[in-house]
Each structure stands twice: as C-alpha cells, then as structure tokens.
Amino acid sequence: MDGSFKIGRLFGIPVLIHFTFLLIIPLFAWVIGSDIEFTVDMVRNAFHVSIDDRYILSGFIPYLLGATVAIGLFIGVFIHELAHSLIALRSGIRIDSITLLFFGGVAAIEEQEPEPGTELVMALAGPLTSLAIGLISGVLVYVVQVFVRSSAEAGVLIYIFGYLSILNILLFAFNLLPAFPMDGGRVLRAYLATRMPLYKATSIASSVGKGFAVLFGLVGLILFSPILILIAFFIYIGAGQESMVTRYNFLLKDVTVGQIMSRPVVEVPPRMPLSEVLALMYQTKHLGFPVTELGHLVGIITLTDLARTPVLDRDAMQVRDVMSRDVVVLPPHAPVMDALRIMTRQDIGRIPVMAEEKIIGIVTKSDIFTVIELREV
C-alpha cells in the first residue's frame with residue numbers, strides 16, 4: 001500500500017505502518033487527554049471501582065495516558081488482524097502483509113476466494129480476539145485493584161486497562177456489524193455462500209455494506225465526526241471493489257489468455273522513429289506494440305511512452321529511446337484473471353503472450369472487458 005513502510009516480519013508476514021497511523025497517535029493522545037475526566041468517570045462507572053485520579057489529572061499526564069491508550073488500542077488492532085492472518089495461513093492462503101492505518105489494520109490476503117467455512121472462521125477470529133483482549137483487560141482492572149498497594153499508581157493502571165477493555169469490546173461489537181467488507185459482512189457472505197453462488201452472496205453482502213456505509217456517513221455528518229465519515233468512505237469503496245472482483249472471477253472462470261488474445265501481433269523494431277510509431281497507431285488503432293529484435297522480445301512501447309516525449313523530439317528519437325524494457329509476459333494457458341490482476345497492480349494496458357520464446361498474441365484490458373460484457377449477456 002502506498003505511503004507505508006515496513007517495520008518487521010511476524011510469522012513470515014511483513015508488518016507495515018501507513019504514515020496516517022503516525023498522525024493518529026498524537027491526535028488520539030490529544031482527544032483522550034482533553035477529555036480525561038469524562039473517560040475516568042466512564043471507567044469508574046463501567047467497572048464499579050474507585051479510581052484515585054491524583055496522578056491521572058496532573059500536568060501533562062492526561063496526554064501521556066492518551067498516547068498510551070492509543071498505542072495499546074492499535075496493538076490490539078494488530079493482534080486482531082494477526083488472528084485473521086494466522087487462520088488464513090493455516091488454511092493455505094498467503095498473506096502479503098499487515099498494514100496499520102489511521103482507522104485500524106488491514107491484512108492483505110492473497111486474491112483468492114476462500115471456502116465459506118474457512119471465511120467464516122477467518123472473519124470471526126478477529127472480533128473474538130478483540131473480545132478476548134477486552135475481557136483480559138477487564139480482569140486486569142480488578143487484579144490491579146487487589147494487588148497494587150499505592151492507590152494513585154493503581155488509579156493509573158485501572159484507567160488504562162479499563163479504557164482498553166471498553167475500546168476492545170466496542171471494537172468487537174463494531175466489527176460484527178454486517179457491513180461488508182468488515183468482519184461481520186464477511187460472516188454474512190460466508191453464511192449466504194452456503195445457500196447460493198459466491199458472486200450472488202457477495203453482491204448481497206456488498207449492498208448491505210454500502211447501506212451501512214451511507215448510514216455511517218450520515219451519522220458522521222450529524223456528529224461532525226471525520227473519522228466516521230472516512231470509515232464510511234472506505235467501507236463503501238471496499239464493498240464495491242470486492243463485489244466487482246468476485247463478479248469478474250465468476251465471469252472469467254476457466255478462461256485463459258490464449259482463448260481471448262489478439263493475433264497476429266504487430267511488432268516494431270527498436271530503431272523505428274517515434275513519428276512512424278504514432279502513424280502506425282493511427283493506422284492499426286492499437287495503442288501499444290511489442291518491440292522485437294532478431295525475433296526476440298526486447299521491450300514494449302505504448303501511447304503513454306509517446307505522450308511523455310516532446311513533440312519536437314519525436315522525429316529524432318527512436319523506439320529504443322523511450323520503450324519499457326521490463327516487459328511482463330504470460331503463457332497462453334495463464335488464467336485471464338491473472339492478467340487482469342497484473343494489469344491493475346502494475347497499471348499497464350497489455351501483456352504479450354509467449355510460447356517457446358515467441359510472441360503468439362497479445363491480451364489487452366479491452367479484450368478482457370469485452371469478454372466480461374459478452375459473458376454477462
């Protein structure tokens with residue numbers, strides 16, 4: 001994910017932090033610290049314990065406690081996502097990374113559709129982990145009350161564990177809302193997928209998720225909560241994207257690039273002037289060509305490469321001066337969904353198809369979406 005940097009690996013899974021995570025910690029510290037008296041009363045009433053707040057309310061301590069609670073919450077979020085990931089690994093699903101964001105954590109799971117039973121367990125693992133963290137933190141409130149002699153020090157620890165207990169239990173409840181692609185929405189999809197095809201289950205779960213996203217957005221506007229509005233935005237976009245990917249997987253099932261590729265392929269030599277390439281694009285209506293020399297693929301040139309070149313330089317420059325040399329290729333038996341994933345991730349519009357080191361065709365995004373439209377009829 002753009003804007004993220006790696007901080008380590010756990011169980012072989014890269015752990016990333018998005019820059020927004022670093023911004024939210026001081027914000028949480030300020031919000032919690034500014035309203036410390038209210039949250040102390042909340043913890044006191046929730047656990048029916050006495051809290052000596054001498055240390056809690058003194059000087060800059062409220063903001064330090066706010067930062068501590070914020071970091072503790074995001075550690076809980078990380079463990080929540082790790083629970084999802086470990087279940088996925090046990091089921092043979094690859095986890096690309098876990099990223100901590102301003103609104104929580106995201107486990108980047110390999111793009112494949114898990115079995116409904118597997119998805120159900122994966123989806124429930126995270127919220128149940130948050131519930132366990134919340135309950136353990138709640139138990140620690142009473143442990144501190146019994147074993148810590150200093151009432152002021154006990155007050156600080158009771159506040160931290162009590163607040164983390166409340167936040168993690170709220171996280172458990174919030175994640176179980178059937179707002180796909182949140183955990184509750186995945187539970188809903190897994191349940192529906194036992195009774196209907198996966199793409200239909202995803203469509204229904206996605207619609208429910210979008211409904212919740214609109215509701216969250218409206219509540220966020222009423223309460224002037226930018227965080228709730230951003231969560232609503234990510235849920236709405238995520239629901240639409242997952243529904244689209246599942247639909248494409250269904251429509252392109254068992255279709256290979258060899259079945260839909262265009263051929264014969266127009267190839268250009270590396271020494272062709274760019275002005276001639278542009279003329280060839282007008283003539284063939286193709287926006288990209290493989291570049292070959294002595295029968296070997298050495299690059300690919302596209303309209304984007306030409307557009308980056310000043311008009312006055314095109315007569316003097318050749319294909320080899322602007323072509324992309326790192327060319328992605330696929331064999332004819334490769335699934336079309338693999339081609340679409342590569343094109344989306346690398347922002348490219350076409351992939352040469354090769355067999356026995358020879359170009360036998362080319363597949364473009366237009367070819368793929370034409371097949372999708374035909375299969376939807």
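A salt bridge here is a side-chain nitrogen of Lys or Arg within 4 Å of a carboxyl oxygen of Asp or Glu. With that in hand, look for Glu119, Arg186, Arg189 and Glu242, which are linked in a network of such bridges. Keep in mind that you're looking at a predicted model. Going by this rule, the count of salt bridges comes to nine.

Let's walk through a few of the individual pairs. Start in helix 2, which covers residues 36-47. Here the side chains of Arg44 and Asp41 meet in a salt bridge, at 2.5 Å from N to O. Why do these two fall about one helical turn from each other? Because they sit three residues apart in that helix. As for how much of them shows, Arg44 has 23% relative accessibility, so it counts as partly exposed. Asp41 is at 37%, which also makes it partly exposed.

Now for a pair that reaches across the sequence. Arg247 and Glu376 bring their side chains together in a salt bridge of 2.6 Å, again N to O. Arg247 belongs to helix 8 (residues 226-251) and Glu376 to helix 14 (residues 365-376), so this contact ties together parts that are 129 residues apart in sequence. Arg247 counts as partly exposed, with 32% relative accessibility, and Glu376 is partly exposed too, at 43%.

Next, find Asp305 and Arg308, whose side chains form a salt bridge at 2.7 Å, N to O. The cut-offs at work are under 20% for buried and over 50% for exposed.

Finally, turn to the second largest pocket, which has a volume of about 400 Å³. Sorted by class, the lining of the second largest pocket has seven nonpolar residues, along with five polar and five charged ones.

Technical notes. Residues numbered from 1 in each chain as written. Predicted model: local features only at pLDDT ≥ 70, side-chain atom pairs only at ≥ 80, totals over all residues. Heavy atoms only, no water. Helix = DSSP H or I, 4+ residues; strand = E, 2+ residues; numbered from the N terminus. Buried < 20%, exposed > 50% of the residue type's maximum accessible area, 1.4 Å probe, protein only. 1 Å grid on protein atoms, 1.4 Å probe; cavity = no way out; pocket = protein on both sides within 12 Å on 5 of 7 lines; lining within 4 Å. Points joined across faces, edges and corners; volume = space filled by probe spheres on them. Nonpolar A, V, L, I, M, F, W, Y, C, P; charged D, E, K, R; others polar.
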